[in-house]
Amino acid sequence: MIKNEQQYLNTQTQLGKFEQALAQHESRVRVNDDVHPVLRKAQQEAMRYQIRELRQELEEYDALREGKLTVLEFDSFGELPQALIQARIAAGLSQRQLAERLGLKEGQIQQYESTDYASASIQRVQEVIQALGIKVREEVVMPTAGAVR
């Protein structure tokens with residue numbers, strides 16, 4: 001997941017490198033047949049897979065920045081940190097701007113996001129939610145009888 005503009009730029013650069021490497025690999029293969037065809041195909045598929053993954057990350061980040069996503073759904077509390085990062089991006093806020101809203105230093109937000117808010121208290125998470133102006137719906141699903149011991 002791309003979390004900031006620098007990572008976005010780095011991802012674009014990596015995508016270009018993979019695309020170039022794939023094109024070179026495909027043109028080189030035609031000339032040089034000393035690589036086993038199965039290995040050649042595996043190498044190409046690995047590069048194509050990485051290209052698809054990078055494009056998907058870029059598209060997701062673009063969709064967030066452009067406001068195309070208005071509801072972020074997650075299946076567990078553990079996914080809340082990614083939703084907070086996505087909500088910040090969708091709000092058009094940089095890490096610095098969010099930090100200013102919270103009265104923190106930018107480095108603290110960078111730390112929270114790089115560790116998926118692992119060191120943030122519940123109170124801090126609530127403050128981030130308020131600073132972003134988002135609503136998080138609460139739902140607790142109770143275990144079926146006999147499932148908890």
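The residues lining the second largest pocket divide into three nonpolar, four polar and five charged, where Ala, Val, Leu, Ile, Met, Phe, Trp, Tyr, Cys and Pro count as nonpolar, Asp, Glu, Lys and Arg as charged, and the others, Gly among them, as polar. This is a predicted model, in which local features need pLDDT of at least 70 and side-chain atom pairs count only at pLDDT 80 or more, while totals for chains, interfaces and linings use all residues. Residues are numbered from 1 along each chain as its sequence is written, and side-chain values use heavy atoms, with hydrogens and water left out.

**Second largest pocket**

- About 150 Å³ of space lies in this pocket, a pocket being an open set of points on a 1 Å grid over the protein atoms alone, where a 1.4 Å probe fits, with protein on both sides within 12 Å along at least five of seven lines; the volume is the space filled by probe spheres set on the points, which are joined across faces, edges and corners.
- Its lining residues, which have an atom within 4 Å of a point, include N4, E5, Y61, R65, R88 and E106.
- The elements that give two or more residues to this lining are α2 (37-65), α3 and α4 (95-102), helices being DSSP runs of H or I with at least four residues, numbered from the N terminus.

**Largest pocket**

- The largest pocket has a volume of about 1,000 Å³, and of the 27 residues that line it, L72, F74, K135, V136 and R137 are the closest to its centre.
- Two or more lining residues come from each of α3 (80-90) and α6 (122-132), and α3 gives the most, with five residues.
- By class, the lining of the largest pocket holds 18 nonpolar, three polar and six charged residues.

**Packing of α4 and α6**

- α4 and α6 pack at an angle of about 110°, with their axes 10 Å apart, the axes being lines fitted to C-alpha atoms over the stretch in contact and the angles running from 0 to 180 degrees between N-to-C directions.
- α4 is therefore roughly perpendicular to α6, a term for angles of 65 to 115 degrees.
- L98, R101 and L102 in α4 meet E127, V128, A131 and L132 in α6, with contact meaning heavy atoms within 4.5 Å.
- This contact has five nonpolar, no polar and two charged residues.

**Overall fold**

- The protein chain has six helices and zero strands.
- The C-alpha atoms fill a box of roughly 60 × 50 × 30 Å, taken along the principal axes.

Terms used:
Parallel < 35°, antiparallel > 145°, perpendicular 65-115°, else oblique.
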